[in-house]
Amino acid sequence: MSRLHVNTRVNGDSVDFLCEPEETLLDVLRNQMDLTGAKEGCGTGDCGACSVTLNGRLVCSCLVLAAEAEGQEIGTIEGMADGETLHPLQQRFLDHAALQCGICTPGILIAAKALLEKNPNPSETEVRYWLAGNLCRCTGYDKIIRAVMDTAAEMAEA
Amino acid sequence: MVKVTIWGSLQAATDGRGEVEVDAKTTRELLTQLSQIYPGLKPQIERGVSLAIDGEIYRDAWFTPIKPDSEVILMPYMQGG
Amino acid sequence: MALDDSNKRDFKIVGTRPLRPDGVDKVTGRALYGADLSAPGMLVGKILRSPHAHARIRSIDTSAARALDGVKAVVTAEDFDPVGDDFTQDILDNCLARGKALYDGHGVAAIAATSEKVARLALKLIVVDYEILPHVTDVDAAMRPDAPVVLSGRAQENVPAGLSENVTSYFEFGHGDLEAGFAKADKIIERSFKTAATHQGYIEPHACLATMAADGRAELWCCTQGPYMVRDVCAAIMGLDSSQMRVTSSEIGGGFGGKTTVFIEPVALALSHKSGRPVKIVMSREEVFRATGPTVSSSTDVKIGMTADGRITAGQAHLRYQGGAFPCGTVEFGAQSAFAPYDLDAVRTLGWNVLTNRPKEAAYRAPGAPMAIYAVESVVDELCQILSLDPLDVRMKNAAKKGTLSSYGPTFNEIGLMATLEAAKAHPHYSAPLGPNQGRGLSCGFWFNFGGNTCVSLNVNTDGTVGVTEGNPDIGGSRASIGMMAAEELGIAYDKIRTIVADTSSLGHNDVTDGSRVTFSVGLATIDAARGAIREMCGRAARIWGIDADAVVWKDGAAMPSGANAGEFPPMTLAEIAASSHSTGGPIAGHHEGTADGAGVSFGVHLVDVETDMETGAVKVLRYSIFQDAGKAVHPSYVEGQMQGGAVQGIGWALNEEYIYGEDGRLQNAGFLDYRVPVASDLPMIEPVILEIPNPGHPYGVRGVGETPIVPPLAAISNAVSRSAGVRLAELPMSPPKVLKAIKAAKA
């Protein structure tokens with residue numbers, strides 16, 4: 001069985017790779033592109049630590065086959081900051097101490113960014129339900145929710 | 001001489017006594033004395049114990065001084081998570 | 001090293017909330033965790049695991065696996081020499097089964113191959129001949145004399161006769177005359193409780209990258225709470241000197257006690273040794289659930305007597321804990337902590353640790369305490385309900401204070417329990433009105449905390465910046481707190497300090513990051529190291545000025561003459577002294593090696609409001625408040641974080657999390673879909689109220705805070721649910737089907 005050749009764009013850059021049919025997008029991001037920001041917490045789409053965007057849509061990259069990336073636009077945590085300038089969400093997470101061990105943070109940031117792009121003024125309940133697919137075991141979610149809401153307010157003013 | 005409180009399930013080794021007296025000025029001397037005088041305590045002491053001296057818990061320190069009027073409690077070796 | 005109140009400290013940096021030094025790396029995905037590192041020529045390691053709960057391993061045929069193209073090494077338990085002590089031998093036998101597979105998921109053989117694909121295929125080619133044996137997974141069943149025996153000959157000398165060999169240890173604590181105490185009570189309640197095993201639930205599965213060269217030198221990268229523990233255990237298993245093995249801890253994606261031991265590292269080292277190449281092993285989530293270290297499951301009987309006006313006259317608890325297939329030691333902590341919040345004349349607790357065909361338990365935040373306090377606080381609450389007494393008033397009436405003879409032996413020094421109870425009573429949450437099907441519950445919590453072996457090195461750079469090198473993985477933001485304490489002590493800006501976690505070759509031994517010990521003991525060590533550097537810098541200034549070193553003091557980040565008599569010299573800042581250090585005696589540093597004691601116990605009180613849906617049994621947490629004594633909160637955001645995080649783990653434990661075993665002894669829910677941890681939509685904001693009753697054993701008054709928060713939620717939630725649903729529940733988790741069943745049974 002030979003490997004598949006895939007052409008795609010990741011964080012705005014054109015990339016191509018070879019993959020096995022059963023390899024996931026998460027596998028390829030981490031093992032071939034050295035983009036280790038997305039994490040494998042469960043491999044079954046239950047924890048959200050592998051969250052990326054696929055054509056702007058929030059997905060679990062462990063549930064996307066690498067081959068499906070053909071011709072698509074992928075957004076990972078590595079593309080969230082603009083060079084040295086952190087995205088407001090990243091900065092607010094730091095300000096609010098919204099991370100402890102940080103393993104869920106890339107996935108939550110990607111998910112929160114997708115939320116604010118879709119709904120710039122979410123209520124606390126909307127934020128909580130949107131992030132229900134991203135598990136955090138350290139923080140109890142309190143400071144994460146505050147950081148996201150604070151960012152929404154800040155971005156609304158801008 | 002220092003009074004040492006022994007926990008309930010070890011008292012079979014001290015003839016049912018919950019408190020014994022030993023001659024010791026440091027934690028190491030105390031544990032050595034206990035093992036010698038009450039050989040039934042030796043296995044537990046070798047497995048590991050903590051000592052609460054005047055309300056402070058000590059896990060490993062041999063040379064912690066003990067005053068004659070100190071409160072000394074034998075406790076299982078502390079673990080955390 | 002005692003509390004430094006000589007100058008009635010006005011902290012400049014301690015108590016503020018600066019940004020953590022590793023923060024940018026973590027929000028940009030740059031931080032490297034266990035599975036994020038690779039090495040040239042690296043092989044993929046995988047472990048074959050038993051599908052049976054209990055089986056004799058008659059033979060393992062690895063020939064077909066070895067013959068597969070791309071397979072470079074295969075190991076089983078036979079490839080390891082016996083280790084000198086039971087503790088380490090058990091750890092090794094838990095990684096790879098020796099003679100018997102003892103639980104569903106127990107490692108049996110391992111391979112290293114050139115790719116993930118080949119590795120998976122190779123595992124399928126290993127043929128294991130199992131002789132299936134009867135198994136036991138329930139704690140009470142495992143104690144019976146006729147229970148299947150998991151391991152023989154492991155019972156300690158104190159275990160009473162007449163029980164199964166599975167009972168490996170027995171403890172008894174307490175004081176006073178129980179019979180007389182119960183005779184004084186106006187009301188006595190006896191209840192039995194059960195809790196299921198839970199998992200720490202860290203989002204990062206165990207991962208390591210091992211390299212062992214032909215000359216025996218080894219390098220190990222792994223996510224761990226204790227790189228020195230990993231080094232010592234692996235060196236003992238592999239027959240190496242400690243100095244030959246260097247362990248570097250990665251950033252860690254959660255531990256909570258579950259990463260205070262090893263499950264894969266010895267296997268990776270052995271595979272690397274055999275193949276001559278680096279080997280990376282990453283556990284899958286299913287492996288994490290089946291084959292790492294969950295908590296015990298427990299079965300507890302509690303009996304408490306109370307007078308009509310709320311005084312507890314006697315308390316008794318019998319606790320039975322199963323810790324999986326190897327002897328564990330947590331029931332003694334449950335038995336000691338169960339009644340710790342109370343001042344009692346008569347108290348007795350008995351505990352048994354039991355073997356079962358389940359994975360070997362590991363610590364989980366205050367190991368042994370949550371399930372014990374759950375049972376006791378539930379009975380206290382029930383007594384309050386029946387006697388129509390205010391639950392907070394009853395706690396205050398019976399609260400342990402300075403001078404109380406504790407239930408586990410020592411007399412308490414200054415403790416913060418009363419202050420947390422008073423803070424809870426005064427808080428608006430306590431008097432907020434409740435609606436229909438809503439209930440309020442509370443619980444006290446307690447943990448011992450400890451100090452331990454710690455080494456810190458503090459180096460002053462010629463540009464006036466400072467490096468702090470410590471050896472404790474940062475699981476909750478400790479690098480920030482340590483940097484803050486160094487900056488405070490030195491009198492310089494926080495951003496002039498860089499704190500790093502070094503590998504095991506860079507410092508002497510550091511105990512594991514556990515026991516709520518890091519801010520306390522690494523902080524204490526850092527402060528002492530800073531003071532050493534300060535002494536050195538004062539000495540340099542003295543030489544520059546030509547005066548006695550005794551005549552120089554340190555204030556606001558600079559050396560200055562102690563008085564007009566010493567001489568008129570303008571202060572020399574740290575940066576100035578550092579700039580000339582190469583000419584005044586060489587590089588400037590301070591260091592500390594020692595065993596910290598005097599950590600001080602920590603109390604907390606949790607208050608929670610829930611609403612129970614009487615038709616589905618679903619429970620919604622409406623409001624949650626935490627009151628805890630931190631001694632001195634160095635970085636309040638991270639203290640709050642510990643409180644909130646621990647409370648939510650406890651909420652999960654109370655409402656939904658459990659290990660479910662089938663009749664066949666196999667784990668049925670080895671994934672996050674069916675092992676249901678709390679998600680963002682389950683919870684409200686969690687209010688943390690930090691109290692500060694300084695710990696005399698620390699120069700800034702710091703107490704450990706990390707573990708206590710997981711202790712109160714189990715009973716707090718159970719008490720709230722019981723009151724809201726009108727029926728007393730005595731089994732965790734209180735998942736909707738169980739709550740509904742209890743509601744229906746009460747109606748019938």
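Modeller: In strand 4 of chain A, A:Leu58 is the bridge partner of A:Thr53. Strands here are DSSP runs of E with at least two residues, helices are runs of H or I with at least four, and both are numbered from the N terminus. Two strands pair if DSSP finds at least two bridges between them. The model is predicted: local features need pLDDT of at least 70, side-chain atom pairs count only at pLDDT 80 or more, and totals for chains, interfaces and linings use all residues. Residues are numbered from 1 along each chain as its sequence is written, while chains are lettered from A and ligands numbered from 1 in the order in which they are written.

Biologist: How many bridges join strand 3 to strand 4 in chain A?

Modeller: Four bridges join strand 3 (residues 51-54) to strand 4 (residues 57-60) of chain A, and the two run antiparallel. They form a hairpin with two residues between them, and A:Asn55 in the turn has a positive phi of about 55 degrees.

Biologist: Which residue is the bridge partner of A:Leu54 in strand 5?

Modeller: That partner is A:Ile74. Strand 3 of chain A runs antiparallel to strand 5 (residues 73-75), with two bridges joining them.

Biologist: What is the pattern of chain A along the sequence?

Modeller: Chain A reads β-β-α-β-β-β-α-α-α-α, with five helices and five strands.

Biologist: New topic: how many residues does the contact take from chains B and C?

Modeller: Chain B gives 22 residues and chain C gives 37 residues, where contact means C-beta atoms, placed from the backbone, within 7 Å.

Notes. Contact = placed C-beta atoms within 7 Å.
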